[in-house]
Each structure stands twice: as C-alpha cells, then as structure tokens.
Amino acid sequence: VKDIPEQVALFQAISAMQPTVLVAVDAVQVLSEQAGQVATIVAPGGLTPTLDGTLTGSLAPGFDVNKGYLVMPVIRNFADPRAIDTNTITVILGNRALRNTHAVQIASFAANNGFKGVFIDYREVSLELRDSYSALITELGGLLRQQGLSLGVVVPAAVNNNGTWDTGGYDWQALGTAANYVQIDMAL
C-alpha cells in the first residue's frame with residue numbers, strides 16, 4: 001500500500017484451534033510450571049553466535065521437549081540487551097561462507113537436540129547488511145524446513161519517518177517469507 005491507514009483491524013473468519021502463546025525464558029530464569037501449562041511455544045534463551053559461526057552458552061532451564069509445547073530456543077547477539085554484540089553479526093553476515101556455516105550450525109543444533117526449531121533475535125542489524133541478514137534467514141529457514149522444523153525471527157518495530165515506514169536492516173517481507181513466525185518487539 002502507498003498510504004498507511006491510521007488504524008488497522010485484522011479479523012479471522014474461523015477461529016484458530018488454539019492461539020499461539022510464546023513464553024520466552026531468559027538464561028537467568030527458570031520456566032515455571034504455570035507458564036509451561038499455557039505455552040504453545042517455549043523459547044529458552046542463553047545462546048549467542050561466535051565469530052566462527054558456531055553457538056556458545058547454555059539454555060535457560062525448566063523446559064521439557066516432551067511436554068505439550070514446542071521448544072524453540074532463541075539465539076541472540078546479546079546476553080544482556082544493554083550490551084548488544086553487533087561485531088559478531090557483522091562478521092558473520094559479511095562473509096557468505098561463514099553465513100552458510102552459521103545457518104548449518106543452527107539447523108544442526110536444533111535437529112540434534114530434539115527442538116522444534118529456533119528463534120533468531122539479532123538486534124541492530126545495519127541497513128548495509130539488510131540483504132545479507134535476509135539471506136541468512138532464508139537459508140536457515142530452508143534448512144530447518146528440510147528437517148520438519150520451524151523458524152521464528154524477532155524484529156524491531158518499524159519507524160514512521162514522515163509517513164514512510166522504515167524497517168532498517170530488517171526486510172520484513174523477505175523475513176516473513178522465510179520464517180514461520182515473525183515477532184515484532186515493540187520495546188526494541
């Protein structure tokens with residue numbers, strides 16, 4: 001659309017069988033039994049990418065891959081949102097071979113540990129790396145789909161600049177095409 005309306009309403013003609021309830025659990029938290037009972041997706045945090053495209057860290061405890069929810073760990077470029085690691089993401093996205101290695105590492109991690117997929121929460125992706133980030137997510141989405149797994153992506157809210165919506169380093173259309181879930185973080 002060329003003109004963004006002031007208000008938008010979305011309706012579903014047929015109600016979903018069950019709403020999606022995502023419960024994110026930071027590495028320093030433990031999933032409570034009550035949260036696990038209402039969750040359809042549990043996203044334990046604690047993993048970050050490394051400069052060689054692998055993953056480091058340990059996941060938040062308390063989840064069970066055999067419960068009634070999907071377990072999709074969230075991989076972030078920060079352990080603390082006040083200290084975002086843009087350097088590692090810049091290095092990975094700036095090198096096609098390393099980007100491929102990273103996608104393969106993430107897909108293997110998810111498949112080999114019994115998870116139903118992963119969420120990617122890479123913050124402060126620069127506009128210059130927009131296409132490379134979309135390529136990473138597209139490749140990762142394909143690898144996960146081949147294994148019957150899902151991909152979620154966390155993006156910051158768009159900014160309205162004089163009537164034009166700016167999504168910065170995040171191509172919402174490309175990311176939405178590649179991922180099963182897109183979470184817009186209004187607090188970012």
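Q: Is histidine 102 buried or exposed?

A: The model is a predicted one, and burial in it is judged by relative accessible area, with under 20% taken as buried and over 50% as exposed. Histidine 102 has 0% relative accessibility, so this residue counts as buried. Histidine 102 belongs to helix α3, and, once its neighbours within four places in sequence are set aside, it is in contact with Pro49, Gly53, Thr54, Leu55, Ile92, Tyr122 and Leu136.

Q: Which residues of the largest nonpolar core touch the most other members?

A: In soluble globular proteins, nonpolar side chains tend to be buried together. Here the largest nonpolar core has 36 residues, and those touching the most other members are Val118, Ile120, Tyr122, Tyr133, Leu140 and Leu151. At least two residues of this core come from each of β1 (22-25), α2 (86-93), α3 (96-112), β7 (117-121), α4 (130-146), β8 (150-156) and α5 (172-178). Another core, of six residues, lies apart from it, and Ile41, Ala43, Met72 and Val74 are among its members.

Q: What does valine 118 touch, if residues up to four places away in sequence are not counted?

A: Leaving those residues out shows what the fold brings together. For valine 118 the list is Met72, Pro73, Ile75, Ile106, Ala110, Leu140, Leu144, Ser150, Leu151 and Gly152. Glycine 152, which lies in strand β8, can be read from its own side too: beyond four places in sequence, its contacts are Met72, Val118, Phe119, Ile120 and Tyr181. Glycine 152 has 0% relative accessibility and therefore counts as buried. From C-alpha to C-alpha, glycine 152 and valine 182 are 5.7 Å apart in space, although 30 residues separate them in sequence.

Q: How much space lies in the largest pocket, and which residues lie nearest its centre?

A: Rolling a probe the size of a water molecule over the atoms shows where empty space is left. In this model the largest pocket holds about 330 Å³ of space. Its lining is made of 22 residues, and Asp26, Gly45, Arg76, Phe78 and Ala79 are those nearest the centre. Two or more lining residues are given by each of β1, β3 (47-49), β6 (74-76), β7 and β11 (181-185). Sorted by class, the lining comprises 12 nonpolar, four polar and six charged residues.

Q: Which residues is arginine 130 in contact with, leaving aside its neighbours within four places in sequence?

A: Arginine 130, in helix α4, is in contact with Thr167, Gly168, Gly169, Tyr170 and Asp171. Its side chain reaches the backbone oxygen of glycine 168 at 2.5 Å. Arginine 130 has a relative accessible area of 21%, so it is partly exposed. Threonine 177, at 65% relative accessibility, counts as exposed.

Q: What is the phi of glutamate 124, and what is that of asparagine 162?

A: Most residues other than glycine have a negative phi. For glutamate 124, however, phi is near 60 degrees, a positive value, and for asparagine 162 phi is near 55 degrees, which is positive as well. Glutamate 124 lies in the loop between β7 and α4 and, at 56% relative accessibility, counts as exposed. Asparagine 162 lies in the loop between β9 (159-161) and β10 (164-166), and its relative accessible area of 83% makes it exposed.

Methods
Residues numbered from 1 in each chain as written. Predicted model: local features only at pLDDT ≥ 70, side-chain atom pairs only at ≥ 80, totals over all residues. Heavy atoms only, no water. Core = buried A, V, L, I, M, F, W, Y, C linked by side-chain atoms within 4.5 Å. Buried < 20%, exposed > 50% of the residue type's maximum accessible area, 1.4 Å probe, protein only. Helix = DSSP H or I, 4+ residues; strand = E, 2+ residues; numbered from the N terminus. Contact = heavy atoms within 4.5 Å. 1 Å grid on protein atoms, 1.4 Å probe; cavity = no way out; pocket = protein on both sides within 12 Å on 5 of 7 lines; lining within 4 Å. Points joined across faces, edges and corners; volume = space filled by probe spheres on them. Nonpolar A, V, L, I, M, F, W, Y, C, P; charged D, E, K, R; others polar. Polar contact = N/O pair within 3.5 Å; in protein donor to acceptor, adjacent residues only side chain to side chain.
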